[in-house]
Amino acid sequence: MTDGVTESPDLLRASRRRRAVAVTGQVAGAVGIAISLLLIVVALLARGWVVDTAYELANGVNTTIARADPLLDIAEEAVTRVGDRVTDLAASADEVATTTNPTPEALVPIQQRLATMTERYLALREGYATLRGEVASAADRVRTIARVVPFVTLPTGPAETLATVDQRLQTLDDRIMRVVEAGGLGGAVDRTAAAIAERAREAQAALTGATDALNEVEARLDELEAKVTGVAETVDAGATLVTLVVILLLVYLAFLHLVLFRVSRQYQEAPTPG
């Protein structure tokens, strides 16, 4: 008995239960608010990582394409120079082949043109090897984007077109070698010159095919560059939208926990009935 007032056991138990419920509600509310705020930070960081990764990969592809573009121009110019030398060689060989009783000295200018053509062709092959490495690198980066960014389809045209260029250059290799072999043929001068001219024209046709394939590679690289940039921008917009929705949901969840916290506090402070 205290001041003539004694709380009954039932009232004490009710008071304790009320306090326990109120404290539990406040703790749940505070934890819910903290978790919601933490998840908002995580969502913002995740959005930043996804967008940065997408742009980094896209910039890597575009940088590689930027290095490949001048190499393509060099390769196309090299094909043109080789074509000019082959044309000169064919014309010179035709002239000797149609001459009556040409002397062996008539083959000297042809052999010189043949040497120049071979030199230009070796430079072409060397330049193409560098170009091929850059295009292959771009294709590898595209595959990385496809793995990192789901539901994205990127063109594989440049890599596929490289296979076509390889085939056509292999054909051109064979044709050029046939021209070189013709220059070493023995026998009559006019027949040697005629063989060189015929095989040089065959090489000209193969050069046209190589030029077309290089133009196709250039077109596919331009297409890939535009597509990759568009994918990065789409990822940026999509990640921003998803993050905004998630943040709104988390803010709503935090608000509900705030309400729970305040109600629980009021419940604790209210007098126990009875």
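Among contacts in the protein chain (heavy atoms within 4.5 Å) between residues at least 6 apart in sequence, 89% join residues at least 24 apart. This is a predicted model, in which local features need pLDDT of at least 70 and side-chain atom pairs count only at pLDDT 80 or more, whereas totals for chains, interfaces and linings use all residues. Residues are numbered from 1 along each chain as its sequence is written, and side-chain values use heavy atoms, with hydrogens and water left out.

The protein chain has four helices and zero strands, helices being DSSP runs of H or I with at least four residues and strands runs of E with at least two, numbered from the N terminus. Of its 274 residues, 35% count as buried, that is, under 20% relative accessible area, with exposed meaning over 50% and partly exposed in between (1.4 Å probe, protein chains only). The protein chain exposes about 15800 Å², of which carbon and sulfur atoms supply 59%; such areas come from the Shrake-Rupley method with a 1.4 Å probe, and for residues only the protein chains shown count as cover.

| Residue | Helix |
|---|---|
| I35 | α1 (residues 9–97) |
| R199 | α4 (residues 189–269) |

I35 is partly exposed, with a relative accessible area of 45%.

R199 is buried yet has no salt bridge, and the nearest side chain of opposite charge, E181, is 4.3 Å away; a salt bridge needs a side-chain nitrogen of Lys or Arg within 4 Å of a carboxyl oxygen of Asp or Glu. Lys and Arg count as positive and Asp and Glu as negative, while His and the chain ends are not counted. A polar atom of the R199 side chain lies 2.9 Å from the backbone oxygen of R178.

Notes. A polar contact is a pair of N or O atoms within 3.5 Å; within protein, one must be able to donate a hydrogen and the other to accept it, and residues adjacent in sequence count only if both atoms are side-chain atoms.
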